[in-house]
Amino acid sequence: MVKKKGFTLAEVLIVLAVIGVIAALTIPTLMAKWREQATVTQVKKAYSVLSQTNDMLIAKNGEDYMLKLLAGTTTGSAAGCKKLADAFAPEFRGTVGYNMTSLLNNVIKLDGSSMSLLQTDSGVALPDGTVMAFYNNSPTCTHNAGSGPLSKTCGEIKLFLQPTKQTQLGINMFAFRLTADGIFPVGWPGDVNPYTSYCNKTSSVTHNGYSCTYWIIKNGNMDYPD
């Protein structure tokens, strides 16, 4: 009768050690990819819902609803920013009044350097823990943020995916332009902040990372150039 030979304790420990090394090398990469895909999904979803909400407001109030909404306000005024927040918040089941100081005051650009975005944005807290901020660029929708539809910009919408963490452009904060012709991710072709220059991991330009919103919408990933 042949006697079966099992594994020795040393052999089992060696196999476990090898498995542990492989896991240590691969799991962080897999987790990073999972987080990246989650971010891409959130940005695309926000863009879709914002566009749908804007279309709904147009259908309900007319093509010039933005001009009527912002009538009597001034550029950057708290009143104008809040009017934008009040118009969009219900569709997201959001609560208007989130304090934006900590999210806008000490911001990291994509290259790691610091800047401030502190303005009079009106913050909206969303049920999923994210935050949106609305800024009134022009009550007459004549702010020139680029060519084509971007030359008729009314405001800006910022999306903060991790409001408990320090804001970093292109990583956990993304932005959209609200125009008379619809909503466009910052960095859209013709934007004054082209994604080729303002979504670069080593560039030192002001607002570097701001245009990564368009990169994500266009490419579906966060493999930004350097």
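Predicted model: local features only at pLDDT ≥ 70, side-chain atom pairs only at ≥ 80, totals over all residues.

Biologist: Which residue does Cys212 form a disulfide with?

Modeller: Cys199. Their sulfur atoms are 2.1 Å apart.

Biologist: What's the torsion about that S-S bond?

Modeller: About 105° for Cys199 and Cys212, so the disulfide is right-handed. The pair links distant parts of the chain. Cys199 sits in the loop between helix H5 (195-198) and H6, and Cys212 in helix H6, 13 residues apart.

Biologist: Is Cys199 buried or exposed?

Modeller: Buried, with a relative accessible area of 0%.

Biologist: How many disulfides does the count come to?

Modeller: The count comes to 2 disulfides. Besides the Cys199 and Cys212 pair, a disulfide joins Cys141 to Cys154, with S to S at 2.0 Å.

Biologist: Where do Cys141 and Cys154 lie?

Modeller: Cys141 is in the loop between E5 and E6, and Cys154 is in strand E6. So the pair ties together parts that are 13 residues apart in sequence. The torsion about the S-S bond of Cys141 and Cys154 is about 110°, so this disulfide is right-handed too.

Biologist: And what are the relative accessible areas of Cys141 and Cys154?

Modeller: 6% for Cys141, which is buried. Cys154 is buried as well, at 0%.

Biologist: What's the pairing, with the bonded cysteines numbered in sequence order?

Modeller: 1-2, 3-4.

Biologist: What about Cys81? Which cysteine sulfur is closest to its own?

Modeller: That of Cys154, 13 Å away. Cys81 counts as buried, at 0% relative accessibility.

Biologist: Okay, on to the fold. How many helices and strands does the protein have?

Modeller: 6 helices and 8 strands. Along the sequence the pattern reads α-α-α-β-α-β-β-β-β-β-β-β-α-α.

Biologist: What does the radius of gyration say?

Modeller: The radius of gyration is 23 Å. For 226 residues the globule rule gives 17 Å, and the value is well over that, so the protein is more spread out than a compact globule. The C-alpha trace spans about 95 × 35 × 30 Å along its principal axes.

Biologist: How much of the protein is made up of buried residues?

Modeller: Buried residues make up 45% of the 226. The protein exposes about 11,700 Å², and carbon and sulfur atoms supply 60% of that.

Biologist: And the contacts? What share comes from residues 24 or more positions apart?

Modeller: 61% of the contacts with a separation of 6 or more.

Biologist: Now the sheet. What's the strand order?

Modeller: E1-E4-E5-E6-E7-E8. It is an open sheet of 6 strands with antiparallel pairing. The edge strands are E1 (95-98) and E8, each pairing on one side only. Neighbouring strands are turned by 30° against each other on average, direction ignored.

Biologist: How many bridges join E6 to E7?

Modeller: 7 bridges join strand E6 (residues 153-160) to E7, and the two run antiparallel. Ile157 stands opposite Phe176 in E7.

Biologist: And how do E7 and E8 pair?

Modeller: Strand E7 (residues 173-179) pairs with E8 in the antiparallel sense, over 4 bridges. The two form a hairpin with 2 residues between them. Thr179 stands opposite Gly182 in E8.

Biologist: Stay on E8. Which way do its residues point?

Modeller: In strand E8 (residues 182-185), Gly182 and Phe184 point one way, and Ile183 and Pro185 the other. All of them are buried. In a regular strand the side chains alternate between the two faces of the sheet.

Biologist: Which strands does H3 lie across?

Modeller: Helix H3 (residues 78-92) lies across E1, strand E4 (122-125), strand E5 (131-136), E7 and E8. H3 runs at about 145° to E5. Helix H6 (residues 212-219) packs on the sheet too, touching E7 and E8. The direction of H6 makes about 90° with that of E7.

Biologist: Great, that's what I was after.

How values were computed. Residues numbered from 1 in each chain as written. Heavy atoms only, no water. Buried < 20%, exposed > 50% of the residue type's maximum accessible area, 1.4 Å probe, protein only. Pairing = 2+ DSSP bridges. Axes fitted to C-alpha atoms, helices over the stretch in contact; angles between N-to-C directions. Contact = heavy atoms within 4.5 Å. Rg over C-alpha atoms; globule rule 2.2 N^0.38 Å. Areas by Shrake-Rupley, 256 points an atom, 1.4 Å probe, with all protein chains shown as cover. Disulfide = S-S within 2.5 Å.
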